Protein chains: 2
Amino acid sequence: MSTLKIAVQPYKGTRDFYPDEMRFRKLIFQKISDLVEKYGYEPYDGPMLESFDLYAAKTGEEIVNEQLYSFEDRGGRKVAMRPEMTPTLARMVAKKAKELVRPIRWYSIPNLWRYENPQKGRLREHWQLNVDIFGVDGSAAEAEVLALAIEILKGFGANATMFELRLNHRMITDTFLHSVLKLDSSQLHTVAKLIDKKLKMDPSVFEKALVDIGLNLEQNQKLLDFFSLSLAELRGAFPELEKPSQQLEQTFFTLSAMGYGEYVRFVPEIMRGFDYYTGMVFEIFDKHPENRRSIFGGGRYDNLLDLFGADSMSGIGFGMGDVTFADFLQTHGLTPDVRRENIVALGIFPDSRTEDLWRLAQELRESGIIVEIPWDMKKIPKQIQSVEKKGIRYFLLLGEAELSENSVQLKDLQTGHQEKINRDQLLPRLREILMQLH
Amino acid sequence: MSTLKIAVQPYKGTRDFYPDEMRFRKLIFQKISDLVEKYGYEPYDGPMLESFDLYAAKTGEEIVNEQLYSFEDRGGRKVAMRPEMTPTLARMVAKKAKELVRPIRWYSIPNLWRYENPQKGRLREHWQLNVDIFGVDGSAAEAEVLALAIEILKGFGANATMFELRLNHRMITDTFLHSVLKLDSSQLHTVAKLIDKKLKMDPSVFEKALVDIGLNLEQNQKLLDFFSLSLAELRGAFPELEKPSQQLEQTFFTLSAMGYGEYVRFVPEIMRGFDYYTGMVFEIFDKHPENRRSIFGGGRYDNLLDLFGADSMSGIGFGMGDVTFADFLQTHGLTPDVRRENIVALGIFPDSRTEDLWRLAQELRESGIIVEIPWDMKKIPKQIQSVEKKGIRYFLLLGEAELSENSVQLKDLQTGHQEKINRDQLLPRLREILMQLH
């Protein structure tokens, strides 16, 4: 009757996760959760909606003005769908700052929303791993967080030929712009944003932009020199950079001692978009020529709890999005297999009794085997067709004849081989067969 | 400088999940996922935002008009945060209806949003298990879904003294109202809504409401009789109810044969709020006098795909919310333990070298032990205090002396006992100790 037909497509820039995609998402994040929990990180989560004020305060202007999903609720409260997790995290830590035992090690895997123009690696809804440690100073905690980011990639089979960790210290770059180049605060902000994009720009475009901002020839040249120096050279050339350079060197030193030296490189262009970083900042970058992009990003922030009137507490953290991570794995041929394992289908003869099928199915399920029963009265060859389409290889049959003999028929749909198995022997036989598949 | 202080409370009607609560949520849903996957159900998920039209079409009026979080996005699209999962599910199935192999067995655990007045068991954001089977008729598939709901509760240690499954068939009640009482369609709708609330009302209030709707004495009496009859009696008394009664009896029969008879009862008051149910409907009800409420609800629906112009496909499904489920577990003393297992802390002496600590920690982590390192330079007794507050019982120390002897100190913070262990013996010794804790 109704002529209105509703679209089957999901909302623009979002994804439907059909079972294959959902198994992939679950497997990826389960593996990562297991890993980060070994380092003492504990799971947390917050609500999808937060007060608009939470983002207005510290999230970058571009996000708040152009990308935030915000609206008034039915009670007139201005709310927003979270575009990043850090403000929620800071709010939760601030709320219990007095009772939480330090260091606070937390992780979460929220879905985040930004009004973007959908393109490769950039969607309106994505899932993001967030790992943070609060309440500890010094280079060892920084090294732990960086090591953890590297270990996640290693856990999926990646190695130093595939990615690099690009490390910088915000105070090195900021101090250079402020105290060496003596930029005013408006120039400083604009140049900082420009540096953040430098590695994606043609060098001549970058230099032209510096002139447009009003840098003179000398400033322009000094800035280009800055990007060509090693950490040790910078420290020698600019005494103003002594303190942050020394801190960063210590982090490098600790990481090397822990065995991660080959993955890490000083890259003074790394700024990170968020304004709240105050110390070390980093990105993990995909080195593959066809997927040159950042897959993890993070750093140290010191003042996030001030917003809530809580005492300052230093935090270090990073985020990693599911879309870019999946692209990384695919680019390097590291995508894990997400087929279902340990699965059989139980066919139905016209004379099969539901209770007999159920009893057999429950027995196998209790032993860890997935058992699907079609429950429809199609003929056996039709049932087998459906089972094959689902990628299930083994098909069990339990009819009147088998019941009276206390046996079961087991058919391998790939080879066509069929065997009659005594009921007592079914479980060990199935285990043996299913084990061989892995 | 800023005088604006942001609130640390989450948005009204939502929850922050600190690690204890998040471990609980994870554990509950992990256990349930593992169980439903054994029955062949596969995970899926959809986006948090959907087109407003998706809900306007089939979700109940009360929800759309009073409880939906809907707004216009920056591109002028009218969107809504999902208040239930079934419309997304139907959209996804409709989109791939031709290629999906039946029966389609899917489950998901979305967070859902409704603008409610927060009260016990009712929040604005909650997580809900959704289990559905599509594309199969007959009582066996219905029995499977109902059995699965029962098995979930059994899996947490619940038994038939704690809950019951209340089963009805929408066509029994609807046909009775339409063909026996001969209500017009407006009365029918109002009486159906009233029946849905009958079990929470005083009988006299219910009867008074029937009179107010315009039912005469005879209709009123017949309706009260209807609620007092068994399924077999109904079938005998009203030939109009023959078909749905027979279907429902078959479902009862199958469930009993499968061994679930003791959990199930015919309750003709069960209607379910959603208008899309067309066959069997059910709720699982907590029998505890202090928590008498529904914890699962679902049924069979036949026409959900029509909305999308796809061929009809029958579905059976249920939902279960995390808040009411947690209340059920707590009421019956079934709340599982969510303390972290297999965990040690690794202390830091002033002479400890980061790389030695890291090597030891990595070795233990690879063997499945959680290792926390404080990374701050507090004195050992202070470190121990923090570790104890976190509920960690075992504390390892590796200083210069231990390194030179190739040993480690292991302190049991509960008994105070400290032992020196040869490095080779540490892993077996720790395993032995940590095993005893479970």
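Colleague: How many aromatic pairs are there over all chains?

Modeller: This is a predicted model, in which local features need pLDDT of at least 70, side-chain atom pairs count only at pLDDT 80 or more, and totals for chains, interfaces and linings use all residues; side-chain values use heavy atoms, without hydrogens and water. Residues are numbered from 1 along each chain as its sequence is written, while chains are lettered from A and ligands numbered from 1 in the order in which they are written. Rings of Phe, Tyr and Trp (its six-membered ring) pair if their centres lie within 6.5 Å; planes under 30 degrees apart are stacked, over 60 edge-to-face and the rest tilted. By this rule the count over all chains is 49.

Colleague: What kind of pair do Phe17(A) and Trp127(A) form?

Modeller: The ring centres of Phe17(A) and Trp127(A) are 5.2 Å apart. Their planes stand at 85 degrees, so the pair is edge-to-face.

Colleague: Where in chain A does Trp127(A) lie?

Modeller: Helices (H or I, at least four residues) and strands (E, at least two) are DSSP runs, numbered from the N terminus. The pair links distant parts of the chain, 110 residues apart. Phe17(A) belongs to the segment before helix H1 (19-38) of chain A, and Trp127(A) to strand S7 (residues 125-134) of chain A.

Colleague: Are Phe17(A) and Trp127(A) buried or exposed?

Modeller: Buried means under 20% relative accessible area, exposed over 50%, and partly exposed in between (1.4 Å probe, protein chains only). By this rule, both Phe17(A) and Trp127(A) are buried.

Colleague: Which residue does the charged end of Arg124(B) sit over?

Modeller: A charge sits over a ring if NZ of Lys or CZ of Arg is within 6 Å of the ring centre and within 35 degrees of the ring normal. In chain A, the charged end of Lys31(A) sits over the ring of Phe156(A), 5.1 Å from its centre. In chain B, the charged end of Arg124(B) is 4.0 Å from the centre of the ring it sits over, that of Tyr115(B).

Colleague: Why is strand S5 of chain A described as largely enclosed?

Modeller: From S5(A), Ile104(A), Trp106(A) and Ser108(A) point one way, and Arg105(A) and Tyr107(A) the other way. Strand S5 (residues 104-108) of chain A is largely enclosed by the rest of the structure because the number of its 5 residues that are buried is 5.

Colleague: Which residue of S7(A) stands opposite Arg105(A)?

Modeller: Two strands pair if DSSP finds at least two bridges between them. S5(A) and S7(A) run antiparallel and are joined by 5 bridges. In S7(A), the residue opposite Arg105(A) is Ile133(A).

Colleague: Which residue of S14(B) is the bridge partner of Val344(B)?

Modeller: Strand S13 (residues 343-346) of chain B includes Val344(B), which is buried. S13(B) runs parallel to strand S14 (residues 370-372) of chain B, with 3 bridges joining them. The partner of Val344(B) there is Val371(B).

Colleague: Which residue of chain A comes closest to the rotation axis?

Modeller: Superposed by least squares on the C-alpha atoms of residues with pLDDT of at least 70 in both copies, chain A can be laid on chain B with an RMSD of 0.0 Å by a turn of 180 degrees and a shift of 0.0 Å along the axis. The two copies are therefore related as by a two-fold rotation axis. At 3.4 Å (C-alpha), the residue of chain A closest to this axis is Phe71(A).

Colleague: What percentage of the contact residues of chain A recur in chain B?

Modeller: Contact means heavy atoms within 4.5 Å. The same surface serves both copies, and the share of contact residues of chain A that recur in chain B is 100%.
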